[in-house]
Amino acid sequence: MPLPKISEARELSDDKLAEEIVAVKKQLFQLRLQKATRQLDKPHQFGHARHRLAQLLTVETERKRAESQRTKEEQ
């Protein structure tokens, strides 16, 4: 499974982006739980989930900064 592209994250709406962030955080929790109980079959999924979470959080931060920049320019 290839790593997702950040361009895919940038295409998401704000609501969908927030939902994705929550979903990936839940997935990471489940992976940690599986690791603790020695049921984890695919440890590479940690890397994929962390990578995806980083992308989503980056896009969210970019949007917040752009919004704050626009409000500063309007004042």
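## Overall fold

The protein has three helices and zero strands, where helices (H or I, at least four residues) and strands (E, at least two) are DSSP runs numbered from the N terminus. Reading along the sequence, you get the pattern α-α-α.

A quick note on ground rules: this is a predicted model, so local features need pLDDT of at least 70, side-chain atom pairs count only at pLDDT 80 or more, and totals for chains, interfaces and linings use all residues. Residues are numbered from 1 along each chain as its sequence is written, and side-chain values use heavy atoms, with hydrogens and water left out.

## Shape and surface

Along the principal axes, the C-alpha atoms fill a box of roughly 55 × 20 × 15 Å. The radius of gyration is 16 Å, while a compact globule of 75 residues would come out near 11 Å; the radius is taken over C-alpha atoms, and the globule rule is 2.2 Å times the number of residues to the power 0.38.

Of the 75 residues, 20% count as buried, meaning under 20% relative accessible area (exposed is over 50%, partly exposed in between; 1.4 Å probe, protein chains only).

## Contacts along the chain

Take the contacts (heavy atoms within 4.5 Å) between residues at least 6 apart in sequence: 75% of them join residues at least 24 apart.

## Leu12 and Arg52

Leu12 sits in the loop between helix 1 (6–10) and helix 2 (14–36). Skipping residues up to four places away in sequence, Leu12 touches Leu17, Glu20, Arg52, Leu56 and Arg63. Its C-alpha atom is 25 Å from that of Lys72, which is 60 residues away along the chain.

Arg52, one of those partners, belongs to helix 3 (residues 44–74). Arg52 counts as buried because its relative accessible area is 13%. Beyond its neighbours within four places in sequence, Arg52 is in contact with Pro4, Lys5, Glu8, Ala9, Leu12, Glu20 and Val24.

## Gln55

Gln55 is also placed in helix 3, and it is buried, with a relative accessible area of 8%. Leaving out residues up to four places away in sequence, Gln55 touches Pro4, Lys5 and Ile6. A polar atom of the Gln55 side chain lies 2.8 Å from the backbone oxygen of Pro4.

Note on methods
A polar contact is a pair of N or O atoms within 3.5 Å; within protein, one must be able to donate a hydrogen and the other to accept it, and residues adjacent in sequence count only if both atoms are side-chain atoms.
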